Amino acid sequence: MDYLTWLLIAIALCGFMAYSRASLGTFTIAFTLLMILGTSLQILSFFSWLLFAIIAIPLNVADLRKKYISSPLLAMFRNIMPEMSRTEKEAIDAGTTWFEAELFRGTPDWKKLHNYPKPTLSSEEQAFLDGPVEEVCRMTDDWQTTHELADLSPEVWQFLKDNKFFAMIIKKQYGGLEFSAYAQSRVLQKLSSVSTVLSSTVGVPNSLGPGELLQHYGTQEQQDYYLPRLVKGEEIPCFALTSPEAGSDAGAIPDYGIVCHGKFNGEEVLGMRLTWNKRYITLAPIATVLGLAFKLQDPDHLLGEEEDLGITCALIPTDIDGVITGRRHFPLNVPFQNGPTQGEDVFVPLSFIIGGPEMAGQGWRMLVECLSVGRAITLPSNSTGGIKSLALATGAYSRIRRQFKIAIGKMEGVEEALARIGGNAYLMDAVTTMSTGAIDMGEKPSVISAIAKYHLTEKMRNCVADAMDIHGGKGICMGPSNYLARGYQGAPVAITVEGANILTRSMIIYGQGAIRCHPYVLAELSAANNQDQRQALNDFDHALFGHIGFAISNICRSVWFSFTGSYLLTAPYPDQTRRYYQLMTRFSSNLAMLSDIAMLTLGGDLKRRERISARLGDILSYLYLASATLKRYNDEGRQSADLPLVQWAVEDSLYQVQQAIDELINNFPNRIVAKMLRLIILPLGCWLEKPSDRTDHKVAALLQYPNDTRSRIGQGQYLTREPENVLGQLEQTLEDIIACEPIFEKICRELGQRLPFYQLDLVAQKGLEAKIISAEEAELLTKTESARKATINVDDFDSNYLKAGQC
Ligand SMILES: Cc1cc2nc3c(=O)[nH]c(=O)nc-3n(C[C@H](O)[C@H](O)[C@H](O)COP(=O)(O)OP(=O)(O)OC[C@H]3O[C@@H](n4cnc5c(N)ncnc54)[C@H](O)[C@@H]3O)c2cc1C
């Protein structure tokens, strides 16, 4: 063996050890053996050993390593470490990490993904969906709700209260339904088929609010008093955090409380004087109990040493003197109950603090912890339910509506938009199922809930715009038969609430993801903050060298995957999905590498470079969306008929990952580093493409005739064939139109005429007269003609009816 061969073996060994994330000890032993081999073959000199010793000894002798490497680096780290406020720290600490951490760390374990149990409904949950949920869908008239009453009808309100719709999260011991997160999601999805006012009204009390806060942090007395009353609908809750001066920056609320003595119900008690001015509060106009967030101050030290206790949450009955509620905002013609509330120097006892006086100052932690869960359920489910229903409705409409003598859904331009709706409907359902499944496994997935909230509400907004385009004027003219326009109008509400989307994408997903999912950064930060210097150095040393090994490994893996095209990677299934797993593992390693390099080169500045952080978040997010899609495909028995949907959803996600990487490198501040990154990750440029026209065509076709795949897209939605249910009627009409087509063709053929596909009742008469069709066939054509007209017709009104206040 000559020196060159030895050197190549050494490089290969180093690459392999780094690729497989060998420990420093294993690495040193393996290299020592290689050095011995080189010496025995007389190709290594004394100087090679000297060089090896200079590198290996300080790295492997802990005391030397800490003194000469870790200690100075710890000092440097403390200098560049980004400053973190208490609210930021509590937000980062909130919740848990789950499969997204696998994706962040570069070596996702696909078996683990597929072994997570598939969420299912209990018989009680299923019965609720088939009973009360079905019934309230039947009762709700969205046009009456949005245009005439600007509220749900009194009957619907009463039905919701009587059937415990506001108590899905409340434990059975208090009389609540105690449904799984998955079941809550299915309920909200179904409600959103008929009305976003209905799904929002039910979603909010079951999300972040008094019910959730009380169950986690309330005193026994508070739980025993409020929870049974919330279950029966005797109390309507709302939660007020946002104020005119503090929207996204909710930690900066100016609302305050002063600890003081005062009289309450005739008794002298220790309490607080509260002053607040809140806006945008859902259910505030009709709430009986106001969950209030404010900053508590104790200037007279009645509670202890601290003067500024911090954000605190209390429950304030709205019938107390000085509490102002009742006025309403008008959110985008989707008039769910939402409005401002104020109070000035309202005195309440300290026992009104959720969890009692000892929870003073713990409000922000309580809120962000609950948000980690709630954010993954309500808005993602409402968005998913809406798009699932729209996918079916738009598919049906595209088949029924004809122009230029063919169904519009057969036109390639329409197919492109239809495919986006179908592919995203499949993906969105996969994401809500997997994310709520994680919650039911006991996770509080803060990063996943931000991903689901941002991406599913964005997809909803884009898909509803696509559906509007496909429907043309039918989508624009509002009235009882329009099933689209309110969803389109209301889309920005979901974008804005529970963390406005630009902020969620720019700061939260990656900001929280990087620190929570990274195997070493949190440990490094904690070590740097540790006042015990000895412990700090030990912990930092451990995390730092783990981090260095991790970073080297990800660089080696990225180089190897680019070099081999990642074709050598194993995948859990050797079918059409194989390549997807290979690419996802490759991009996952790229993300781990990019993330470390961004942190290393930008340091604390990364927090301000939101567009870098947004793109890193996009990579993580789209990998998560694709993982959920593959899991759904597997959980549903790998139905080959669903493959076009899987292909569309995964290929679109992977394309977005590539775009995010490309844009990130293009805009990376350090241009030399950027060039190296491009060489390692995209040496041949961007090669992945959007889903092909062929895939688009297959997805669009699937939406336009009844089939099992289409039924799986719409599973659980309110599609009952009832006269008042426009979507149910549309499903019936789709079936009838398809049944009519061969009859129509027979008549044209026999008559030797190319008739237009309308006035089917007249076509039926011609067919009967010429004895081409039977009486049943004629009846079907006649019945279908009126349903076809109902589908393409729009509402019109007496002009007085549309004037405000006329109905
Ligand atoms: C219909 C509706 C219902 C609501 N219900 C409730 C409720 O029940 N209880 C409650 O307390 N609140 C509620 N809210 C408040 C909601 O959570 C806030 O609207 C939200 O936090 C955003 O605040 P803002 O609207 O003031 O926007 P702003 O904070 O003014 O933000 C404006 C824009 O700046 C962006 N932005 C802000 N900071 C950053 C940043 N650092 N980086 C990048 N972009 C940033 C935002 O993404 C947004 O696009 C509701 C709001 C609405 C509209």
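Select helix α24 first: 21 of its 25 residues are buried, so that the helix is mostly covered; buried means under 20% relative accessible area, exposed over 50%, and partly exposed in between, with a 1.4 Å probe and protein chains only. This is a predicted model, in which local features need pLDDT of at least 70 and side-chain atom pairs count only at pLDDT 80 or more, while totals for chains, interfaces and linings use all residues. Residues are numbered from 1 along each chain as its sequence is written, and side-chain values use heavy atoms, with hydrogens and water left out.

Helix α24 covers residues 578–602 and reaches 36 Å from its first C-alpha to its last, close to the 36 Å expected at 1.5 Å a residue. The expected span is 1.5 Å times one less than the number of residues. Helices (H or I, at least four residues) and strands (E, at least two) are DSSP runs numbered from the N terminus. Step on to G603, which follows α24 and has a positive phi, near 55°.

**Annotated regions**

Select residues 515–797, which an unreviewed UniProt entry annotates as "domain: Acyl-CoA dehydrogenase C-terminal bacterial-type". UniProt positions are given in the numbering used here, feature names are shortened, and annotations may be inferred rather than shown by experiment. Over residues 515–797 the chain is 71% helix and 0% strand, with the end C-alpha atoms 57 Å apart.

Next, select residues 32–57, where UniProt (unreviewed entry) places the feature "transmembrane region". Here the chain is 81% helix and 0% strand, and 12 Å separate the end C-alpha atoms.

**Domains**

Colour the chain by domain: domain 1 (3–60), domain 2 (123–369), domain 3 (372–509) and domain 4 (726–792). These bounds come from an automatic or database domain assignment. The centres of domain 1 and domain 3, taken over C-alpha atoms, are 55 Å apart.

**The second largest pocket**

Select L24, F27, T28, L59 and I552, which lie nearest the centre of the second largest pocket among its 37 lining residues. Two or more lining residues come from each of α1 (3–19), α2 (24–40), α3 (46–60) and α23 (533–564). Helix α23 gives the most, with nine residues. The volume of this pocket is about 910 Å³.

On a 1 Å grid over the protein atoms alone, a cavity is a set of points where a 1.4 Å probe fits but cannot get out, a pocket is an open set with protein on both sides within 12 Å along at least five of seven lines, and lining residues have an atom within 4 Å of a point. Grid points are joined across faces, edges and corners, and a volume is the space filled by probe spheres set on the points.

**Two cavities**

A search of the whole structure finds two cavities of 30 Å³ or more. For the largest, select W98, Y116, P117, P119, T433, M434, G437, A438, M441 and K631, which form its lining. Its volume is about 40 Å³, and helix α17 (residues 412–440) gives the most to the lining, with four residues.

For the second largest cavity, select V204, P205, L208, G209, P210, P237, C238 and F239. Its volume is about 30 Å³, and strand β1 (residues 237–240) supplies the largest share of the lining, three residues.

**Last stop: G247**

Finish at G247, in the loop between β1 and β2 (256–264). G247 is partly exposed, with a relative accessible area of 41%.
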